[in-house]
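Student: I would like to learn how to read some features of a model. Could we begin with burial?
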Amino acid sequence: MSYSTVSGGPGLETAAVTAVQAGRRKPSRLGRRKLTFDYVSFIAVFLLLPLAIFLIFVISPFVQALYYSMTNWTGFSDVMGFVGVDNFVKLFNDPIFLRAMLNNIVLAVIVPLITIVIALIFASMITVGGPSSGQVRGLRASSFYRVISFFPYVIPAIVIAILWNMIYTPSGGLLNGILGLIGVQDRPSWLGDERTAMGATIFVIVWSMVGFYMILFVAAIKGIPSETLEAARIDGAGRFRTVTSILLPQMRDNVQTAYIYLGIMALDAFVYMVGLNSTGGPGNSTLVMSQYLFRTAFEKGQFGLATAMGVVLAVITLLFAALVIGVFRLIGGKDEEGRA
Amino acid sequence: MELKDASISRRNLLRGAATAALLLPFGATLASCAAPSGGGGGGDKPAGDVTADNPFGVAANSKVDAVIFDGGYGIDYVENSAKIMQDNKKLGGVSVKVSSSTKIAQELQPRFVGGNPPDLIDNSGANSIGWNTILDQLETLDDVLDSNNLEGTKISDTLFGGVKAPGTFDGKFVALNYVMTVYGIWYSSSLFEANGWEVPKSWQDLKALGEKAKAKGKYLFLWGKEAATYYQTMVVDSAVIQAGDDVRVPLENLDAKAWSHPAIQGILEILHDLIASGYVKPGGGGTQFTQAQAQWSLDQEALLYPSGSWIENEMKKTTADDFQMKGFPELPLDTSQTTPAGTMRAEAGEPFIVPKKAKNPAGGKELLRTMLSKESATAFAKNKLAPTIVKDTVPADGFGSTALVSQSEMLAAAGENVFTIKSFNLYGMNSDQLPIWNSFLDGKMTVAEITSQLQALTDKVREDSSVTKIEIK
């Protein structure tokens with residue numbers, strides 16, 4: 001293997017290396033560094049351009065959105081009037097929007113929780129759930145389960161939503177057909193019933209997400225040295241104890257990232273909701289903010305108000321991420337001070 | 001060796017990144033956002049000479065850009081008219097581009113803001129542009145009706161009564177609705193005959209019919225989740241048939257007591273009773289609406305379905321053989337209706353608009369004039385089994401369609417006694433009403449609850465100062 005000498009090969013003279021070397025030759029203050037072409041192009045490509053792209057495509061739309069959210073723009077003309085925070089006041093007095101917000105929050109709490117727990121169980125089964133003699137390994141044919149459970153993630157969300165929409169159809173749908181075969185008399189109408197609509201929706205989202213997060217966790221577990229696992233086993237730890245005391249603490253960062261990703265997805269959830277229950281569900285039981293935003297903009301022609309909803313959604317998303325990071329830091333233990 | 005290979009590819013990668021990074025800003029200048037930029041359009045429009053054969057002065061060799069909603073009626077009927085217009089020698093050669101769209105509002109929003117809207121738009125479908133947002137940007141279309149059609153008759157003399165009403169807002173006629181739509185309750189006449197059932201005459205008859213249906217293992221009504229508000233249409237129209245403008249005007253103008261009118265309440269009570277008695281097929285709130293409609297038209301699980309006359313065309317492929325679809329107007333509450341017998345909701349649908357800022361508004365109007373010619377209108381009726389607003393295009397046999405014949409009969413019986421309901425679409429209220437109706441039809445709500453929820457939506461629009469209200473007479 002010729003990878004052993006990584007440093008200083010002739011082929012490594014990239015702009016970065018040259019720039020660093022240039023800096024080393026003349027250890028002066030930052031402002032007086034010699035402006036070689038390499039150095040300038042390095043700064044241009046790696047600092048200014050990304051910054052410019054970030055400003056143009058990320059920051060400026062944010063600022064624009066903030067401004068539009070304080071206007072009464074109808075979306076179909078070039079005239080708009082500034083109305084201050086009226087739109088936000090209106091939103092927080094709108095029972096339908098508040099219902100949508102509540103639905104989103106329920107999703108953001110429950111979907112990541114269930115998904116991560118199931119994904120963790122599956123990942124542990126595949127990696128450390130195998131026979132308790134010999135090398136620590138997963139169940140038999142674990143790679144087969146790994147592939148199978150990844151399938152739903154490969155299907156686009158809208159297809160999943162339409163697929164389950166049909167499975168859930170009260171008469172003629174697959175689910176109630178099976179329930180009928182096994183003799184269940186009182187078959188619910190799933191998406192058409194306020195009591196079951198949200199639960200059925202959450203199931204679909206979890207179903208589609210578990211595979212990916214399982215793979216993510218499998219990768220994280222593979223990164224844990226097998227010596228640790230074997231030592232734990234020699235000390236008499238069972239599978240459950242291994243998972244809670246060895247695996248979980250070492251993959252806290254992965255779980256945290258997964259929680260935030262899933263939460264952001266659940267705060268949006270637009271595609272799933274539109275495919276499963278485009279009307280917002282009976283009694284708005286599955287209406288989410290992004291759906292209501294879309295309606296307000298394109299059906300009611302209130303783009304200003306819709307933008308305000310977008311701003312609220314963005315703020316909630318940021319708060320959610322901050323909250324999750326905060327909680328994980330709290331339970332993360334004091335032994336890991338200074339970690340990001 | 002391997003190391004060197006790796007480094008070369010890394011260097012190439014860097015170069016690539018640099019090139020890409022340099023190219024991106026150009027992309028940025030090319031990309032335009034939906035932000036209002038003002039201006040555009042207006043001003044220098046091509047103009048031709050105004051003659052009897054070219055009443056709007058379409059410039060020779062000009063281009064016409066039409067965007068048509070691709071829904072139940074497709075877009076080929078406009079393409080046919082476009083062909084006739086292109087072949088019209090008296091215009092000096094124009095080319096017409098007809099594009100289809102299923103999301104009118106989303107696709108055309110940037111063009112409206114940018115001042116570059118098409119010359120003719122069929123603003124229809126679930127994603128149509130809300131009227132109160134674009135009214136002041138539209139050309140009035142009175143001159144189209146005042147002009148002569150291709151056969152030389154004044155167009156306004158060839159149309160059904162009341163066709164201007166649905167396209168008139170604040171006294172300005174800005175949308176020409178092309179297709180005549182009849183709102184009714186549809187059934188299989190062969191099924192009714194085979195069982196000796198009679199068509200109900202008022203809401204009082206429905207319970208007895210529901211019992212008979214149940215005896216046969218069928219339901220009276222069924223619904224699908226996206227179309228739950230068809231039942232709202234039925235309730236509201238029925239109440240208007242019962243009590244006339246007394247119900248209609250307060251509803252249209254968002255009155256604080258609009259939904260408490262005794263006629264609406266009486267009908268809601270009966271509907272609630274029908275639901276509680278199990279005459280409405282449960283589970284509609286979880287069923288996609290065309291699937292639900294197929295349970296009516298193909299499986300014949302329910303006797304009646306309230307809908308507009310597009311239903312025949314919509315379910316053409318999923319209708320049982322020998323279904324013999326027929327319709328009757330929505331029903332009065334009881335025998336004491338205050339409107340003349342035969343009164344029904346019939347309105348022209350598929351609203352065509354010509355934006356003021358379009359490049360060639362005259363061309364848009366000329367295309368409309370072509371569509372209103374006898375030739376185009378007859379072709380539409382024949383292909384789509386639906387009448388346009390042009391009279392006398394449907395022969396007595398309705399091109400073999402029983403539904404089309406019963407539409408003609410209903411229209412003939414109604415004469416001038418037709419009405420429309422505009423406010424729900426005008427203020428984009430349908431999607432907020434859908435969840436309420438899904439709950440009510442599912443038997444989860446009392447009459448008092450649905451009344452207060454629908455009234456709350458009405459009140460919200462009325463009290464929202466940012467929504468432009470339009471008085472409806």
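Tutor: A residue counts as buried if 20 or more other C-beta atoms lie within 10 Å of its own, as exposed if 12 or fewer do, and as partly exposed in between. Keep in mind that this is a predicted model.

Student: Is A:Ala269 buried or exposed?

Tutor: A:Ala269 has 25 other C-beta atoms within 10 Å, so it is buried. Its place is the loop between helix 11 (252-268) and helix 12 (270-276) of chain A.

Student: Which residue of chain B has a positive phi of about 50° although it is not a glycine?

Tutor: That is B:Gln300. It sits in the loop between helix 11 (289-297) and strand 7 (305-308) of chain B. B:Gln300 has 17 C-beta neighbours inside 10 Å and therefore counts as partly exposed.

Student: Now a residue inside a helix. Why does A:Ile116 count as buried?

Tutor: Because 23 other C-beta atoms lie within 10 Å of A:Ile116. The residue belongs to helix 4 (residues 95-128) of chain A. Leaving aside residues up to four places away in sequence, A:Ile116 touches A:Tyr213, A:Val255, A:Ala258 and A:Tyr259.

Student: What does B:Ile267 touch, not counting residues up to four places away in sequence?

Tutor: B:Ile267 touches B:Trp203, B:Val235, B:Ser238, B:Ala239 and B:Leu333.

Student: What can be said of chain B as a whole?

Tutor: Start with totals. Chain B has 473 residues, of which 48% count as buried. Its secondary structure comes to 18 helices and ten strands. The C-alpha trace of chain B spans about 80 × 75 × 50 Å along its principal axes. Of the contacts in chain B with a separation of 6 or more, 77% are between residues 24 or more positions apart.

Student: How are the two domains of chain B placed?

Tutor: The centres of domain 1 and domain 2 of chain B, taken over C-alpha atoms, are 30 Å apart. Their contact takes ten residues from domain 1 of chain B and twelve residues from domain 2 of chain B. On the domain 1 side, the residues divide into six nonpolar, three polar and one charged.

Student: At what angle do helix 2 and helix 13 of chain B pack?

Tutor: Helix 2 (residues 76-86) and helix 13 (residues 361-371) of chain B pack at about 105°, and their axes are 9 Å apart. Angles of 65 to 115 degrees count as roughly perpendicular, so helix 2 of chain B is roughly perpendicular to helix 13 of chain B. From helix 2, B:Val78, B:Ser81, B:Ala82, B:Ile84 and B:Met85 meet B:Glu366, B:Leu367, B:Thr370 and B:Met371 in helix 13. The residues of this contact divide into six nonpolar, two polar and one charged.

Technical notes
Residues numbered from 1 in each chain as written. Chains lettered and ligands numbered in written order. Predicted model: local features only at pLDDT ≥ 70, side-chain atom pairs only at ≥ 80, totals over all residues. Domains from an automatic or database assignment. Contact = placed C-beta atoms within 7 Å. Nonpolar A, V, L, I, M, F, W, Y, C, P; charged D, E, K, R; others polar. Helix = DSSP H or I, 4+ residues; strand = E, 2+ residues; numbered from the N terminus. Axes fitted to C-alpha atoms, helices over the stretch in contact; angles between N-to-C directions. Parallel < 35°, antiparallel > 145°, perpendicular 65-115°, else oblique.
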